Amino acid sequence: MMAAPTTITTTLHTPSSKLTRRGRTNTNTNKPINTADGDREVVKEKKMMSITSGGGVLRKASFMSWSMKDVVHVARYHRIPCVFAVGLLFFMAVEYTLRMIPAYSQPFDLGFLATKSLHNLLTSWPELNTLLAALNTVFVGMQTTYILWCWLIEGRPRATISALFMFTCRGILGYSTQLPLPQGFLGSGVDFPVGNVSFFLFFSGHVAGSVIASLDMRRMQRRELAWIFDMLNVLQVIRLLGTRGHYTIDLAVGVGAGILFDSLAGKYEDAKRKSLIATKEASLN
């Protein structure tokens with residue numbers, strides 16, 4: 001009499017099924033275990049898998065393949081970013097060890113210290129202050145004339161759009177945070193804004209407008225005129241510091257604002273140009 005054939009069944013489990021089964025039984029004793037203990041086992045194994053995969057990512061990280069030759073290459077061919085990296089570390093140390101200016105005191109301004117002699121001269125010689133204010137007003141008029149000329153005469157609105165963007169943003173920021181007028185401010189009846197009227201300190205529209213005009217001149221290959229505007233802008237900065245008409249940060253951000261809004265105006269023009277081309281192509285189709 002033949003014995004009945006024995007059927008052998010093999011069950012394959014994926015790692016996830018193993019983890020699930022551990023929540024029901026203990027693999028060593030085949031005895032049921034607490035569900036909470038099984039959940040902890042699942043979490044523990046998943047963490048181990050995560051650490052293992054994270055180690056693989058770390059081994060593939062870019063810096064793991066760096067050599068001393070690469071470090072020397074960075075120091076030799078990327079000097080400006082290296083200087084900024086040193087500056088970052090330096091000013092981190094300065095920032096965390098510097099005593100802050102108390103609320104009852106005037107702001108500290110390095111530009112005011114650098115122009116102390118000029119400030120004393122203008123204080124004792126009001127006629128010179130009036131003359132410099134008049135010349136500065138003429139320079140502001142030159143900026144305004146050039147920016148409007150580009151649009152109205154040459155048909156290139158980018159500089160005008162940039163100035164509109166810039167002065168609107170300046171108004172928003174200037175109203176949002178109203179800085180105290182610096183001590184020793186030397187106003188003049190021929191200065192722009194005309195007279196000793198109120199004005200926004202942050203940021204300098206004088207400087208930003210000059211930068212916008214200078215960038216447009218360079219685009220049009222008017223480099224000599226651009227250099228003249230840049231030099232007059234530097235003299236304008238020194239005069240504004242000497243008269244305490246702006247803080248140093250107002251003037252520095254004015255330069256950045258001129259560059260930023262000129263770039264945004266260019267992007268605006270490009271977007272409008274592409275939209276116009278797309279509209280024409282759609283109408284032809």
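# Chat about an all-helix prediction

Colleague: Hi! Where does R244 lie?

Modeller: R244 sits in the loop between α10 and α11. Helices here are DSSP runs of H or I with at least four residues, strands are runs of E with at least two, and both are numbered from the N terminus.

Colleague: Before we go on, what sort of model is this?

Modeller: It is a predicted model, where local features need pLDDT of at least 70 and side-chain atom pairs count only at pLDDT 80 or more, while totals for chains, interfaces and linings use all residues. Residues are numbered from 1 along each chain as its sequence is written, and side-chain values use heavy atoms, with hydrogens and water left out.

Colleague: Thanks. Is R244 buried or exposed?

Modeller: R244 is buried because its relative accessible area is 6%. The cut-offs are under 20% for buried, over 50% for exposed and anything in between for partly exposed, using a 1.4 Å probe and protein chains only.

Colleague: And what is the phi of R244?

Modeller: Phi of R244 is near 60 degrees, a positive value in a residue that is not glycine. Most residues other than glycine have a negative phi.

Colleague: Which other residue has a positive phi near 60 degrees?

Modeller: Q221 has one, and Q221 is not a glycine either. Q221 belongs to the loop between α9 and α10, and it counts as exposed because its relative accessible area is 53%.

Colleague: Back to the loop between α10 and α11: where is T243 found?

Modeller: T243 is in that loop, which runs between α10 (223-242) and α11 (248-284). T243 counts as buried, since its relative accessibility is 2%.

Colleague: What is T243 in contact with?

Modeller: Leaving aside neighbours within four places in sequence, T243 is in contact with L122, N129, G184, F185 and L186; contact means heavy atoms within 4.5 Å.

Colleague: Let's zoom out. How many helices and strands does the chain have?

Modeller: The chain has 11 helices and zero strands. Of its 285 residues, 25% count as buried.

Colleague: What do the contacts in the chain look like by separation?

Modeller: Among contacts with a separation of 6 or more, 73% are between residues 24 or more positions apart.

Colleague: What does the accessible surface of the chain come to?

Modeller: About 20400 Å², with 67% of that belonging to carbon and sulfur atoms. The areas come from the Shrake-Rupley method with a 1.4 Å probe, and for residues only the protein chains shown count as cover.

Colleague: How do the residues of the lining of the largest pocket divide?

Modeller: There are 12 nonpolar, no polar and three charged. Nonpolar covers Ala, Val, Leu, Ile, Met, Phe, Trp, Tyr, Cys and Pro, charged covers Asp, Glu, Lys and Arg, and the others, Gly among them, are polar. Helix α4 (residues 79-97) gives the most to this lining, with three residues.

Colleague: What volume has the second largest pocket?

Modeller: That one is about 320 Å³. Of its 17 lining residues, V140, T144, F167, F192 and G205 are the closest to the centre. The lining has 10 nonpolar, six polar and one charged residues, and α7 (126-152), α8 (158-176) and α9 (205-219) each supply at least two residues.

Colleague: Last one: which peptide bond is cis?

Modeller: The bond from F202 to F203 is cis, with omega near -5 degrees. F203 is in the loop between α8 and α9. Most peptide bonds are trans.

Note on methods: 1 Å grid on protein atoms, 1.4 Å probe; cavity = no way out; pocket = protein on both sides within 12 Å on 5 of 7 lines; lining within 4 Å. Points joined across faces, edges and corners; volume = space filled by probe spheres on them.
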